[in-house]
Amino acid sequence: MQHLIEMSGIKKSFAGVVALQNANLHIAPGEVHAIIGQNGAGKSTLIKILTGVYRRDAGEVTINGTPSTVSTPREAQDAGIATIYQELSLVPLRSVTENVMMGYEPRTRFGTIDWKAAHKRTREILERFGIDIDVKAQLGSYSTAIQQLVAIARAVSLNAQLVIMDEATSSLDDQEIEILFSVVRELKKEGVAVLYISHFLDELYQICDRVTIMRDGQTVGQRVISETTKLGLISEMLGRDPEEIEAAGMTGLGGGEKAEPGSSLFEAENISTARGLKDVSLTLRKGEIVGLGGLLGSGRTETARALFGLDGLKSGKIDAHGSSGQIGTPAEAIAAGVGFLTEDRKREGIVPHMSVRENMTLALLPKLKTMGMVDRKRETELVERFIKSLGIKTSGMEQPIRELSGGNQQKVLLARWLALEPEVLILDEPTRGVDVGAKFEIQSIIREYVDKGLGVLLISSEFEELVEGADRIVVLRDGFSITELENPGVTEEALIAAIAHHHEEAAA
Amino acid sequence: MTMDNNTVQNAPKSSGPKFDWSVVSRHGGVFALIAILLFNVLITPNFLHPQTLFVNISQVATIAIVAVGMTLVIATGGIDLSVGAIMALSGALAPLIFTSPFAEANPELGLALSIIVPIIVALACGVFNGALVSLLNVQPIVATLIFFISGRGIALVLTNGNLQTFTNPAFSYLGTGKILGFPFQGYLVVIIAICVWWVMSYTVFGRQLLAVGGNERAAELSGVPVKRVKIGAYVICAGLSGLAGLIVVAINSASDAARIGNLMELDAIAAAVVGGTLLQGGKAPIFGAILGAVIIQLVKYTLLANGVADEVALIAKAGIIVLAVYVQQARKE
Ligand SMILES: Nc1ncnc2c1ncn2[C@@H]1O[C@H](COP(=O)(O)OP(=O)(O)OP(=O)(O)O)[C@@H](O)[C@H]1O
Ligand SMILES: [Mg+2]
């Protein structure tokens, strides 16, 4: 059978640093194919070579048996390859329609854009994903998940032979992932191939046919997914013995002998904001992890924003021990010992041109200041320490952060906040895009800090992470805090029931 | 882009040495400088005469000083169109002060005031620009357009539109003084460039400025005082423009508010961009800006020395900006 895509012997280095050394990828028409591998294994680089974002140093690429001439993303699109990159590449200030139609706008007889048709077409495309939003509104006014779905919808609408999704599900909740999967299955039925990159191995078993495993820039295997086990995949991916991995366990947030809760760090009482919080109350004490549960749009991120001083309170109050005054800006929040790891890595996290070192110490600058200057010696020591302890894969601390793989960027941002030694750390999807091995490490590191007295407010769309990690879970719905679950004893079913129960109640 | 096409298709096959375009695009400024110098050595009469060097140094200084300030503003993701007008304002103020009866009576104090006051006024303009941009969220182009239009007008009103000529050797030293045979302002450029480079490389302010330009949201969420930092950039840029205005007046021993710093915004932006500053912010190559200023100056000189009309020189400059931006954009791994 002829392959749709055949990439073989692909090599690529960036300024002497090898990213891919012998990578192969064979995709059959109409199959759902996964690529897995640790952070920095070269997954994104491989697809960027396929789509003309990067040039390969060596190797062959054929599409439908003929050598590929694709050298720009646009040409890839025209050749039937639609891609959702790991870093969302939409334009937040433009309307949803403009983003979906970009480059392919319907025209009127006079050659101008036919907006009426464009809006209509956009609505139809989004309908397939069960999204019903105002397509004329700015894309940026919607949540990351909606934006992600819009990006996927756009890609699917391009009549591609191959749709590539680089960690498309990382910001979606279970329901949205279900919608996505049903679209993937439909695409498959239509004969469209899907290339799927994800760190959630469970997902692969639901939709994928075959999987390509990458390690350190090389393809180390290609398997039919039904013939593999999760543990087998992980061991191949990490290059370690299955037994060893099994012994280590899978979630690192839990564990730790349960200390009695310390003194209160802050109490939010009946707070509401203009951004959609109606009435939320919660407390956080020293040495505990409080999870925020709820569906998308339930007010989890909004709660975090209010606590960090980003959105002013309309009513209610926040009592932050340690800081007497109201927290009105991020700078004040940071000074009061609060850190906030945001969910949107690209837009609210990294400063792309700056080095790993500069990104890591950005929030710490006021503390590294001596007579207006940055204390470079202390800075270097600290950065070295975190690169080691978080296992950040980089060619050196002076490497621009944009050159790091997604998961490694995430680790740098986590280090940015841990370096501050905060009292309260708000983590919005802290392990998004992080590989299974590193996820465990990051969770253990967070737990370590918590055991030393840090209070963590954890937002995660992974129920497993919440249930196993959090000491308490505050369940939110439509801007209200509706109930609280306490560990030990919380199960995923209980959490889902708590969220769903109230949902049904609302619907009734 | 068609060129890229070929390279991609050939890349895997030709493993031998290949001409690397990225070197050219990364060091485009240096190549351009060498090309212009070679051209001049071959074509322009008397180019290798020391006098040519001195003339060019004394003229490039003002462009370079303003370009350094412009680089900082562009690094925050902004732009400052008011630099030329601020030069005119400070340039008009200085002679008014040292030719006043008070200054005639106290020459030293008068001289000091004629340098300090115009620069303070310039700094104040910078505060205004910065406040509009950062506090009121006015687009930088629009915010600085206010002084671009009104600054020169104020200068003309102050001087009644007259050409002020003067003889004041002490003040003129700024523009005509020589140390070891080289123009004083050449040294000034070097000192300013080193100071600003040091600030950008080693201080918290410099780091924060680049972070603001690189990703404003991220910087703000990391506690960077975004508004203060932006105002700082506009203030420094305006202060340097004020200084440049004084130098122009000192060179000519005359102050013509209508002409000082005319079209300087174009030169400064061109110098910054040629020097490698990204218009979207986040990078501040200070010495690059100096190199850019030298290139702009040499282009001007080359055209002038070879009898090409001023208007054509303008087109050439616009062409340089376009080319520099194109080279920036065309980079690809
Ligand atoms: N533009 C670049 N410049 C320099 N190095 C790069 C660049 N892009 C990627 N790399 C390096 O190539 C390697 C592979 O990165 P890639 O983004 O492909 O990893 P990945 O498998 O997608 O990881 P993740 O799961 O974290 O997204 C990394 O070590 C990364 O630092
Ligand atoms: Mg990736």
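Trainee: In S20(A), which residue is the bridge partner of A:Leu292?

Mentor: Keep in mind as we go that this is a predicted model. Strand S13 (residues 289–293) of chain A and strand S20 (residues 472–477) of chain A are paired in the parallel sense, over four bridges. Within S20(A), A:Leu292 has as its bridge partner A:Val474.

Trainee: Now the three-stranded sheet: which residue stands opposite A:Glu267 in S14(A)?

Mentor: That open sheet in chain A has the order S12-S11-S14 and antiparallel pairing. Its edge strands are S12 (280–285) and S14 (313–320) of chain A, and its twist averages 5 degrees from one strand to the next. Strand S11 (residues 264–273) of chain A is joined to S14(A) by six bridges.

Trainee: Which helix lies across S11, S12 and S14 of chain A?

Mentor: Look for a helix running at about 115 degrees to S11(A). Residues 300–307 of chain A form it, and the name is helix H10.

Trainee: How many Å separate the centres of domain 1 and domain 2 of chain A?

Mentor: The domain assignment gives domain 1 as 5–247 and domain 2 as 283–507 in chain A. The two do touch: 21 residues of domain 1 are in contact with 22 residues of domain 2. Taken over C-alpha atoms, their centres are separated by 27 Å.

Trainee: On the domain 1 side of that contact in chain A, how many residues are polar?

Mentor: Two elements of chain A give two or more residues to this side, helix H5 (144–156) and helix H8 (230–238). By class, the side has seven nonpolar and four charged residues, and the polar ones number ten.

Trainee: Why does ligand 1 lie between domain 1 and domain 2 of chain A?

Mentor: The nearest of the 22 residues around ligand 1 are A:Phe14, A:Ala19, A:Ser44, A:Ser405 and A:Gly407. Strand S2 (17–27), helix H1 (43–50) and helix H16 (406–418) of chain A each supply at least two residues of the shell. Ligand 1 lies between the two domains because its shell takes residues from both domain 1 (5–247) and domain 2 (283–507) of chain A.

Trainee: Between which chains does ligand 1 lie?

Mentor: The shell around ligand 1 has five nonpolar, twelve polar and five charged residues. As for chains, ligand 1 lies between A and B.

Trainee: And where those chains touch, how many nonpolar residues are on the chain A side?

Mentor: The contact takes 33 residues from chain A and 30 residues from chain B. Eight residues on the chain A side are polar and nine are charged, while the nonpolar ones number 16.

Trainee: Last one: which element of chain A has the lowest mean pLDDT?

Mentor: Chain A averages a pLDDT of 84, and 93% of the residues score at least 70. At the top is helix H13 (residues 356–360), with a mean of 95. The lowest mean, 66, belongs to residues 242–248, helix H9.

Key
Residues numbered from 1 in each chain as written. Chains lettered and ligands numbered in written order. Predicted model: local features only at pLDDT ≥ 70, side-chain atom pairs only at ≥ 80, totals over all residues. Pairing = 2+ DSSP bridges. pLDDT = per-residue confidence, 0-100. Contact = placed C-beta atoms within 7 Å. Nonpolar A, V, L, I, M, F, W, Y, C, P; charged D, E, K, R; others polar. Domains from an automatic or database assignment. Near = placed C-beta within 6 Å. Axes fitted to C-alpha atoms, helices over the stretch in contact; angles between N-to-C directions.
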